[in-house]
Amino acid sequence: MTSSAEPPASTVEDWATDFDHTDPGWAADAPAIWEDLRGRCPVAHSDRFGGVWLPTRHEDVSAIAHDTVHFTSQSVIVANWKPDAPRPIGFAPPITSDPPFHEIARRILLPAFSPKAIRELEEPTRRFCAELVDDLVASGRTEVDAAAEYSQHIPVRVIAHMLGVPASDGDKFRGFIHRILERAGQVNEVAVEDTMIYYLAGVLADHRANPRDDLVGYLLECEIAGQPLTDEHILGTVALLLIAGIDTTWSAIGATLWHLAQHPEECDRLRADPTLLPMAVEEFLRAYAPVTMARLVAEDVEIGGEQLHEGDWVLLPFPAANRDPEFFDRADEVVIDRQKNRHAAFGLGIHRCIGSNLARMELTIAVEEWLRRVPSFELADPDGVRWATGQVRGPRTLPVRLNHDRKES
Amino acid sequence: MRIHFNRDACQGHNRCHLLAPELFDTDDEGYAILLVDGIVPADLEDKAVLAADNCPEYAIEVALD
């Protein structure tokens with residue numbers, strides 16, 4: 001594996017007044033940027049995207065997340081255009097919905113993502129992870145990309161399994177998501193038959209012709225006030241699961257492996273005492289929370305001493321809240337047995353990530369199976385690690401060296 | 001030790017059930033259910049404190065008598 005080219009230069013001169021979360025300078029340095037802004041703003045502003053705010057303290061992020069009067073979820077991805085799907089439903093319920101519709105749309109999905117429902121996915125997830133690591137180890141290569149060749153495939157396979165589509169459709173998912181998340185704000189010309197909605201309409205038609213017991217089958221059976229869900233609602237919801245469930249989980253797994261690659265002593269501790277893993281996973285989620293959400297200001301409001309106006313964008317950086325030293329002891333350190341950890345990796349308030357039980361399970365099993373099968377590993381090219389820009393942050397390229405010689409005891 | 005759970009504040013993060021399954025279960029929608037009647041058995045006090053200290057929504061309170 002060769003070292004990657006130099007990253008493109010940042011166009012941001014002052015992150016307090018001109019920040020851009022899609023700038024290459026954000027990708028690798030976001031935690032340092034949040035720390036800097038927390039000390040001197042603490043709510044940054046940028047004229048980009050038609051005007052956007054960036055709070056950095058836990059207190060402000062929590063206040064916004066819990067306030068559905070002054071802030072709307074009508075769009076949760078900051079872009080150069082404002083959403084056209086009207087409130088309170090939005091493009092992809094329930095994430096883009098506000099009260100009172102939000103609760104109706106959310107309660108339909110909650111049973112499918114409850115801890116008990118997710119437990120049934122543990123076995124297939126473990127099988128996918130074991131197969132992926134076994135293939136990498138069996139290849140005999142000493143350098144592999146733990147982001148692209150492992151982390152990425154896990155949520156893709158799990159969601160394909162949940163939607164009842166072939167695992168080979170995973171590549172299509174990646175293309176859809178890349179267009180929506182990583183190139184957000186750019187205008188793309190895409191042929192209709194290459195769009196996610198066209199693909200998902202096909203999945204829906206196939207489920208109608210061949211009913212089966214999976215998530216799409218479940219949604220087809222659901223009703224609101226005695227009426228089946230509209231196709232628009234089902235497609236929006238499935239689109240949401242694809243967009244929200246893949247890059248996010250991939251990022252959390254990749255960032256955790258990036259951390260562990262640099263901390264063999266923690267790998268040894270987790271191998272020696274697997275009961276530490278659940279607590280360690282929460283700490284990895286705190287320190288490397290991938291997801292920054294967004295809101296639009298619905299009514300003028302003051303946050304952190306700044307006056308926000310109706311129609312302004314607000315980024316909701318849960319990862320920054322998770323590193324606020326006012327809220328966490330040793331906020332910048334990864335403490336794998338942290339006893340007090342009210343992290344906000346899955347958000348706060350009524351929009352708590354509905355896939356949190358799924359994501360936590362995938363991350364736990366991905367780490368477990370990796371540690372079980374890879375005797376030791378390290379970063380092969382620290383400068384070759386590439387972090388994603390945008391609202392989902394995690395390594396997209398993660399070259400690691402697998403040391404095959406240190407056998408399992 | 002007494003324990004109080006505020007169902008209105010619970011958002012289904014599921015941290016309490018993972019840390020203290022003897023004290024918290026979850027319902028079909030994933031919201032927490034407190035399994036004890038306000039009093040924490042002596043051998044579960046540490047777990048009760050953990051559950052309270054890790055709830056992102058401050059939905060759990062514990063207090064020593």
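**Figure 1. The sheet β4-β14-β11 of chain A in the predicted model.** Chain A holds an open sheet of 3 strands in the order β4-β14-β11, with antiparallel pairing; strands (E, at least two residues) and helices (H or I, at least four) are DSSP runs, numbered from the N terminus, and two strands pair if DSSP finds at least two bridges between them. The edge strands are β4 (143-145) and β11 (377-379) of chain A, each of which pairs on one side only. On average, neighbouring strands of this sheet are turned by 35 degrees against each other, direction ignored. Between β11(A) and strand β14 (residues 399-402) of chain A the pairing is antiparallel, over 3 bridges. A:L379 has A:V400 in β14(A) as its bridge partner. Helix α13 (residues 247-261) of chain A packs on the sheet and touches β11 and β14 of chain A; contact means heavy atoms within 4.5 Å. The direction of α13 makes about 100 degrees with that of β11(A); axes are lines fitted to C-alpha atoms, for helices over the stretch in contact, and angles run from 0 to 180 degrees between N-to-C directions.

This is a predicted model, in which local features need pLDDT of at least 70 and side-chain atom pairs count only at pLDDT 80 or more, while totals for chains, interfaces and linings use all residues. Residues are numbered from 1 along each chain as its sequence is written, chains are lettered from A and ligands numbered from 1 in the order in which they are written, and side-chain values use heavy atoms, with hydrogens and water left out.

**Figure 2. The five-stranded sheet of chain A.** An open sheet of 5 strands runs in the order β1-β2-β10-β7-β3 (chain A), with mixed pairing. β1 (43-46) and β3 (71-72) of chain A stand at the edges with a single partner strand each, so one side of each has no neighbour in the sheet. Strand β7 (residues 292-297) and strand β10 (residues 313-317) of chain A pair in the antiparallel sense over 5 bridges, and A:M293 is bridged to A:L316 in β10(A). Helix α3 (residues 58-65) of chain A lies across β1, β2 (52-55), β3, β7 and β10 of chain A and runs at about 120 degrees to β10(A).

**Figure 3. The hairpin of β1(A) and β2(A).** The two strands pair in the antiparallel sense over 4 bridges. A:S46 has A:V52 in β2(A) as its bridge partner. The hairpin has 5 residues between the strands, and A:F49 takes a positive phi near 55 degrees there.

**Figure 4. Helix α17 of chain A against α8(A).** Helix α8 (residues 153-163) and helix α17 (residues 356-373) of chain A pack at an angle of about 130 degrees, their axes 11 Å apart. That angle makes α8(A) oblique to α17(A); angles under 35 degrees count as roughly parallel, over 145 as roughly antiparallel, 65 to 115 as roughly perpendicular and the rest as oblique. The crossing is right-handed, the near helix being turned clockwise from the far one by less than a right angle. A:I154, A:P155, A:V158 and A:M162 in α8(A) meet A:L358, A:E362 and A:A366 in α17(A). This contact has 6 nonpolar, no polar and 1 charged residues; Ala, Val, Leu, Ile, Met, Phe, Trp, Tyr, Cys and Pro count as nonpolar, Asp, Glu, Lys and Arg as charged, and the others, Gly among them, as polar.

Figure 5. Helix α15 (residues 277-287) of chain A packs on α17(A) at about 115 degrees, with the axes 10 Å apart. That makes α15(A) roughly perpendicular to α17(A), and their crossing is right-handed. On α15(A), A:L277, A:V281, A:E282 and A:L285 meet A:R360, A:L363, A:T364, A:V367 and A:E368 of α17(A); by class these are 5 nonpolar, 1 polar and 3 charged residues. The axes of helix α6 (residues 122-138) of chain A and α17(A) come within 9 Å and cross at roughly 35 degrees, again in a right-handed crossing. The contact of α6(A) with α17(A) divides into 9 nonpolar, 1 polar and 8 charged residues.

**Figure 6. The contact of chain A with chain B.** The contact takes 24 residues from chain A and 23 residues from chain B. About 2,000 Å² is buried between the chains, of which carbon and sulfur atoms give 43%; buried area is the accessible area (1.4 Å probe) that two parts lose on being put together, summed over both. A:K116, A:R342 and A:R352 supply 29% of the area that chain A buries against chain B, more than any other three residues.
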